[in-house]
Every structure is written in structure tokens, then in C-alpha cells.
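Please read them alongside the coordinates.

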Amino acid sequence: MSGTESDEPMRATVAGGRVDLGRFLLSWFAVPSALIIALLLGAVMMLALGANPLTGYSALVTGAFGGSYALSSTAIQAVPLLLVGVGICIAFRANVFNIGGEGQIAMGGLAGSATALALPNLPSPVMIPLVLLAGAAGGAIWGAIPGVFKAKYNVNEILSTIMLNLVAVQVMNYLLAGPMVDQSPDSVGGLIPETKLLPPNSLLPILVKGTQLHLGVPIAVIVAICVYFLLWRTSFGFQIRSVGLSRNASAYAGMPVKRTITLAMTLSGAMCGLAGAILVFGSISHRMVTDGSLTGFTGSAGFNGIVVALFGGLNPLWTIVSAFFFGGLIVGGSSLQVATGVPSDLVTALSGIVVVLVVSLEYLRRRARAQSIALGGPRAASPPRRPHQDPPLAVKGGGDR
Amino acid sequence: MNQFFTVDVLTVTVASGIALATPFLLAALGETIGQRSGVINLGVDGIMLLAAFATYYTALQTGNLLFAILAGAGTGTIMGMITALVSVTLKAEQGISGIGIYLFGLGFSALLFQKLVGTPLPIATLPPVGIPLLDEIPVVGGMFFKQSVLVYLAFLLVPIVAFVLNRTTYGLKIKAVGENPAAADSLGVSVARIRWSTVMLGCTFAGLAGASLLMYGGIFQVNLTQSEGFIAVALVYFGAWRPVGVMGGSLLYGLVGVVILTWKSLGIIPLSASDLAATAPAVITVLALLFLARRFRQPAALGRPYEREG
Amino acid sequence: MHRHLDRKLSLILPAVLVALVAASCGGSSTPAPASPAPSPSVAAAASPAPSPSAPAAASSEPSPSAAAATTLKVALVAPSAVNDLAFTQSMVEALNSLKAKYNLEIAVSDNQFVVATAANVIQNYASQGYNLIIAHGSQYGSTIQQLAPQFPNVSFAWGTAGSTYNLPNVFAYQANSNEGGYVQGAMAALLSKSKVLGVIGPIAVGDAKLYVDGFCAGAKFVEASISCIPVYTGSFSDVSLMATAATTFVANKADVLTGTAQAVVGAIGVAKSHNLPWFGTQWTQVSLAPSNVVASQVYNWAPILEQILTEIQGGKLGGATFTATLGNGGEQIQFNPGFNLPAAVKAKADELIKGITEGSVNVPQ
């Protein structure tokens, strides 16, 4: 992994002969502190609601990580988070804010389902890659549209991706209640908006007996690793990161900026589409079902994936860890609800607090590190990176940069 | 279709469109102010939810709608302080912190609602208030001048915000801070103070948006906003960071939504097209921007925390 | 910026993760059950441990006795909140009403609108030795179809739809909401002076479609020229959209309104503010508009639940479909005494109810 300036404070403090404990602590323990503060706040909330925080938290941890079944549930929950997160790594590195994950997931699920239902007799080794690719393609198209809109027409991608989410849910409802609906008596003659049973050859095989751990988990991890190599070991990846850091400089260097942006959005959508296909073909129900909303299908992965990617530092490899952790939070939240009666919305609220705290403390950490360098050590001469010089993460839409 | 083009139906369609657009408008105006000063706030939806619940709960407990609306706005202000602290003082990455606030607002409002309220009861909603004389103008009067006070407030805020941004020193400072904070700083403008004020103001607007949304339906539900706050942020881009543009976007979005529902109720849109017709507001908004693609630049310092060098 | 977050965070996160895993693996696998609250009581263990043959706690003695000595563990998985004044609440109330009689231990997982998560919840309950799992939502059906064969000693009840998938441990239950809709539609047509009715639904599927179709059929039966065009907003949970739909109906001179879905509270508010009659379904909505609600088609799942519980006690875990109708008490038209209903309209309603119950009136599907 690249980046060397983060090694400096350690060397500065140690080499400079002064172990500055305060700043050292802040620099290393900011994140756990954020987690602890969030846990304390959560405990307070649980107490206020008449629940026992110890019961609650132990239920959360056990439900997420306690035993092979729990771990497999967490891993499965992490798959869409990871894939969306990887897609976000690509998009955000190109400085494109893709909040259309939800819609792209749905489109991927639809594309995969349609393909499987259209070609039910293919053997597994052909069928499974085919439907997963179809899913990726469906999401890719849904990501390409805002990509083209941004590159060619300067339509801001925050706007277009949000709007496409709204379109996607209606397309999903229309297809699953109409052209793709199961008319058989099993689905009460078409009254339930779901597809026919998916061909058994298209279902992702289960890897660990007694759990639901399916092929999607290793696939997602492999994809994440591939994207890491894409971003840091290929020239296309270099283009993506370069365009993300400075459009002008990249254009000046002769890179095809517009095409890169479009491709970044398309790839990001493809990741989400793949997540959608895995959701469908790894599901317990062996069908694509809708309850009328996007969240009912995606579980908000299109959204939580953004947080997961950002906590992984926009690095696909660390996103794997971050996705697993976040997946555990979600799975554990259900257990917490069952054990204490506190709605799992508490976990949502807490995750929001953790996010805010971690990014807030980030600044203090940066300052602490910068001051450590300034105070002594051979590296003191090189100026630290100032926050406003950092490549901006937020939207850069509409108009020239 | 002739049924649609009757006075009564058209009047209610436009009036409803205006009422439906109001929460979007309020939230988008607030976000515009913040973004002009260089701060992007993606937590608007979460703030709207918290404010909507505060409004609802206050109305349930006190029966006083004014207190309820003030509670909603106040919730917005408090969340604005938190947002400003995180985005301006602690210079956190604004996109992420916004999503964090959204998650918090979504979860906490749902939690409070389920634990504090139990079986939901509706509250009395704001009655439409006619503006004397103006509301008697044939056709137009019924469309524009028989709305609730929050609607009037929202549309009054459009010229006010435009005026403040374009014709006051404060507005100048806001824009300066959003375009070139270093230059503004060297001229003696406190970047932090300006941004604090715009963020707090913007989030207060978001609080009012949540209150107005609650007043529209008259009852709270988990995830009442259904991501409206994000649509409001999107509308800021549609409106090119100008209050009038934002108003136009909100009205377009609201009106198209109402027209689709009206056409469904008149049978103009058949049942088979019901789902796809519901995409109309989103599609039309994007298409409109496509064809009206103006070359308005976003504030140059948008999304970047400022730190003085040296 | 990404690099700053990435370094420290990505080192701390796995450390925390390892610590958590170590802690949880080190401790006992099953935490002590939380003390049961009065009602609804919460499930005992939080950690799911799947066992291939879940113990059948249901009494397997052939003689069914109404007040069983053994406790029946019942779990309910529902898509919306327990106090949604509609779909979920109807089932929760029915279940609670039977708690004492059948000695039930009840666990409820509500707000399970994410289908994949609900599938996990159902699987967890099944592997924790619950005797009956009620999957209260048609979107859960495909999950039941796959899970039931894996837990042959657990009884699954699926609603609202009419298919048991030919599985021996699946009961299906449904409501002929078109029957109550028919009666209410007829009443609405008689009450309406403008002969325009406002009907608001979420998406044209399932229970919503049944009710709406029945409503308009009943209205047309009484008054052939009535205008009864349903508007489906496209969402089950968007309150303002339903309120707006109601307003557009009012603009079009509709003077009686009805609707279905959890977001329908928005439409009820519009009925209230324009002082128009409202017909409700799934649960009584009188509390929302005390003087506007004419009647509600209330689902009473208790008779069906009793039949299911009795079967389970008798050793039969599935294979039957139960339908709530006006005739068997599964559906009731609850008239609101706070609404001034003309006697002639009430008489017509009673006549239709009787006709449907006896089979002389044919409600179109």
C-alpha cells in the first residue's frame, strides 16, 4: 500500500529522542476512542430505554461473531457491502460521487434473474459466471448513464444517481409484478411480486455445510483484490487516481479524462450490479422478491457500502475488513433487538455516531501528527500535508475544475 | 384529458404541487446557503427526520402547533451546531460526516418514535390560510394564495435568501469564503465564523423542512422522509446554487409528482403504466437539467475544509 | 485524505475485530436468556445454533386438548411495526389474545422489511426450537418454501397468500379482503353524492390489489355509473405521496375515500381535513379520524390461529390453507358508532354481508 508520510510521526518522535506520549496516544488511539465513546453513548441510550447494555452488547457481539454460524452470517452480510465499497473505491478515487448504489444493485439483480430464467438449462460452470456477469452488466449500464451524463453534459452525478435510484425501484416493481412475475400457484397466480424459482444450476453453491456461506463470499474477496491491482498496478488505475487528484493536470498530461470518468462510474455500477446478482443467487429464497422498496432488496447496502469504503480508506483490501466489521454490526443488531427489545435502529444510530466521531478525530490526529513532526526529528524539514491540500473527496460536479 | 383541464382540477393540482414542493424547497435553500460557503452537508435527510419527530412529539404533548414548528426548527439548529463543529472546526471529511449524521438521524428518530410514542396518533395539521384579496383572484388565487403559513414562509425565503446572498456584505462574505477562503481570510473575514453561521442557518432550514413535511401528512412514521433530503441536495445542483433555480427545481419536482397522481386518478394513466409513470418526476428532472445544462460552476472551495497556513 | 484514514484505521480495525472475536469465542456460547417481559415476550437465546433435528417441543400426543400444559413457542416475523394500525398489528393482537389459552411463549421480530434479513431471522427461530413460525408477509413465501423442508419438525404459517407449496409443515392463511372491500365499496357508492370514489393503494399486488378490486366491484354493483379508479402511488411507505393522491381525488370531486398500506395514514388525514367519509382495511383506524371513519374491515386472525395451534397440538404441522372470510369471522366489518350512518346504507351492508356469507352474492376475484 502506498503512502509513506504516515510513518513519519513514529520515526519523528522516536528518532527525535522524545517520546511525546500525548500526541502518540491521540494519533494511535483516536479510532478506538471513537468506538468506545459510541459504545458508551449506546449504553446510555439502552439504559434510558430500560434495557441492559451488557446483555445488549454481548448479544450483538455473539450474534455477529460468536460461532461459525454467526461468522458465516456476517460474511454473507458483508458481501454486498464489500462489493459496493469496492465500487466506491473506484468512483471516489476518480472523484465521482456515486450514490446510486441502491439502484445499481437492483438492476444487477434483475439482469441476473432475467438471464437465468431465459436460459434455465445451462450447466452450472457456465450458468453461474454468466448470471454474475449479467448482473455486473446490468449495474454497469445503470452506472454508465450518470457517468455519460457527467462527462458529456456536465450533469452532476449526485443528482443523476439519486434520480436513477428512484427510477430503478419502479422498474423493479414493474418487472417483478409484470413481465417477470411467477404466474404459478406457488406465487398465488401472480399476486406476489417475485420471479419464478431460479434454475438450480444458477444458485451459488454453499461452501460450508450447516451454514449459508456461499460462493459469493470468496468471489467478492477476489474481486476486491483484483480491483486493488487494477487501481495500483495498471495504467488505467493510474489514470483513475490521477483524474481524481487533478482533472486539469491529467488532461494536460494527455489522459482521456471524460472516458476515464465514464468508465469509473461504469465499473462502480458493475460492482454494485454484481452485488445484486449475488444477493439473488445466494438468497435463501431462490427467487428475486420485492416488497416494493429498494431497501427491501438491498438492505441499504448501496448506502452503507459508501461508509464501508471510506472506513477502508478507499482501499479495496482494507475495505474487506471494514465490510466484515460493518456486516457484523448489522447482523449483531438483529440479535440485540431480539435479546433486549431495543429496536435495531439503535445500531443504525450508533453506526452514524461512530462515523462522525472517527472522521472528526481524524483531524485531531492529523494535527497531532503534524505537530509531532514539527517538534523534532530529522523529517521536520518537510512540510506536512495540510488538509486543504488533500485531494478533495467531495463532489466535483458541474463545470470545469 | 378534458377532465384535467378544468379549473377545479388544475387549481388543486398546482396548489398541491406547491405544497408538496415546500419541504424540498426549504431543505434545498438551506443546503444552498451552506454550499455557497463551501460546506456540503449530506446529512440533511437525517436532520429532517429528527426535526419531524421533534415537531410531532411536541405537537402531541402540547397541542400547540407553533411550539411544534419551533421545536422542529430548533432541532435543526442544534444539529447545525453539531454539523458545523464536525465540518468546520474539526475539518472532517464532509461527505462522510454527512452520511454519518444521516444514519444517526434515521436510527435515532426511529428509535425515539418506537419507544416514546407507541401507537401513532395524528396531529392537527396547519390549515390553509388565504391571503386576503389575493386569494379571490379567479383561478390563480386558489392556486397560489390558499396555502399553509409554512408554504408562504418557504417561498418568501427565496427572494430573501437571494437578496442576502447577492446584495449584502454578509452574502459577499459567504460567496468569498466559498470561492477562495484563503483570500477571504487574508482580507480579515473569519472563514470559520461565516461557515458556522451558514451551516447553522442551513440546518435550521432543514429543520423547518422536516416540520413542514410532518405537517403535510399529519403523522410521523419511521423514515418519513423516504430520502427526500437527498433529493433536496440534488436539487441544489439542479438550481445551480441559486435560490431561484432551486425554487424552480423544487416546483418542477413537486408539480410533476402531483400531475402524475392526478392523471392516475382520472384514468389518463392506465394501471399497467402505474409503476413506470411514478418515475416521471425523477426522469423529467434529469432531462430538464440535460437540456438546460448551464455552465454554472460550483463554489470552488466546496467540500474542502479550510486551514490557515503558517 | 484517503491515505490518512487508511493507515491507522485499517490497523486498528482488525485489532478491534480480533479482540471482539476472541472475547466472544472465549465466553459461553449461549448468553443467559433475557427476563421475559409481560407481552410480547422476547426470544430466549440470542446466538443461533443450528441443529439438524430441532427438538419437537409440541406435544405429540394424539389427543388434542385446548388448554395444553406444554408451552408452545411461537415466533412472528412481520414487515412493519407492531403498532402500524394495519397489517402487522392485526396479527400481533390476535396472537396476544390467544397467549393464555394456548400457553404460548411469543417472540416478535417486526420491521423485517429486508427480505434477506427476514430469511435469516426465520432460520434462526427455526433452529432455536420454535414450534410455530408465522411469516406474516407474502414476500416471505419463497423463503418458507426453501426453509420448511430443512426443519420438518417446525411448523410454518405463511400469510397472506394461499399456497402451502404442498409441504407437510406449512400452513397458509389468507384473507379474502375483496369480500369486505365489496361491502364497503357498496356502502361508499350509496354514501357518495358526487358518484366519484377515491381509492388509494401502494402497488397493485397481493392483499392491496384484492381489497381495491373488491371495493370497486362492490361500488359498481350498487351504482353502475360510479367512478372508481384506483391510484397506486408506487410505495407502501411514502406518507406524503398517499396524502397527495387523496388530495387529487378530492379535487376531482371524490367525496368518499378508502385506501390500503401502512402509509395510508396520510390519506386518512386528508379525509379528515376535508371532512369526508373514510373506509379502512386490515385494522381499525377509528383513532386516526374518529368522526370520519365509516367502517373498517378488520382482520381477526384469532380463529385461524386457533385452528393452526390446535392442529399443531394434535401433531399436524401443516398442509392446510385457511381463509379469513366474512362468514367465518376472520374478517369483520366494524362500524364506527361515531359516524352517522344512514340506516338504509347499513341495511344494504348487512344484506350484502349475509349474502356473501351464504354464498348468494358472488364477489369477483
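**Notes on chains A, B and C**

1. The model is a predicted one, and I begin with chain C, where 10 residues of domain 1 of chain C are in contact with 8 residues of domain 2 of chain C. On the domain 1 side of that contact, the element that gives the most is helix H2 of chain C, residues 87-97, which supplies 3 residues. Sorted by class, this side of domain 1 of chain C holds 4 nonpolar, 5 polar and 1 charged residues.

2. For chain C as a whole, the secondary structure consists of 11 helices and 12 strands. Of the 365 residues in chain C, 63% count as buried. Among the contacts in chain C between residues at least 6 apart in sequence, 67% join residues that are at least 24 apart.

3. Turning to chain B, its secondary structure comes to 13 helices and 2 strands. Buried residues make up 61% of the 310 residues in chain B, and residues 24 or more positions apart account for 79% of its contacts with a separation of 6 or more.

4. How does the radius of gyration of chain B stand against that of a compact globule with 310 residues? The globule would have a radius of gyration near 19 Å, and the 20 Å found for chain B agrees with this. Along its principal axes, the C-alpha trace of chain B spans about 70 × 50 × 45 Å.

5. Within chain B, the axes of helix H1, residues 7-36, and helix H9, residues 191-217, come within 7 Å and cross at roughly 170 degrees. Because angles over 145 degrees count as roughly antiparallel, H1(B) is described as roughly antiparallel to H9(B). The residues of the contact between H1(B) and H9(B) divide into 15 nonpolar, 7 polar and 1 charged.

6. The contact between chain A and chain B takes 44 residues from chain A and 51 residues from chain B. On the chain A side, helix H6 (124-153), helix H7 (157-177), helix H13 (301-311) and helix H15 (345-375) each supply at least two residues. Of the elements on this side, H15(A) gives the most, with 13 residues. By class, the side of chain A that touches chain B has 28 nonpolar, 13 polar and 3 charged residues.

7. Is A:Val355 buried or exposed? A:Val355 counts as buried, because it has 26 C-beta neighbours inside 10 Å, and the cut-off for that label is 20 or more.

8. Leaving aside neighbours within four places in sequence, A:Val355 is in contact with A:Val307 in its own chain and with B:Ile96, B:Ile99, B:Gly100 and B:Leu103 in chain B. Within chain A, the C-alpha atoms of A:Val355 and A:Phe311 are separated by 8.3 Å, although the two residues lie 44 residues apart along the chain.

Terms used: Residues numbered from 1 in each chain as written. Chains lettered and ligands numbered in written order. Predicted model: local features only at pLDDT ≥ 70, side-chain atom pairs only at ≥ 80, totals over all residues. Contact = placed C-beta atoms within 7 Å. Helix = DSSP H or I, 4+ residues; strand = E, 2+ residues; numbered from the N terminus. Nonpolar A, V, L, I, M, F, W, Y, C, P; charged D, E, K, R; others polar. Buried ≥ 20, exposed ≤ 12 C-beta atoms within 10 Å, placed from the backbone. Axes fitted to C-alpha atoms, helices over the stretch in contact; angles between N-to-C directions. Parallel < 35°, antiparallel > 145°, perpendicular 65-115°, else oblique. Rg over C-alpha atoms; globule rule 2.2 N^0.38 Å.
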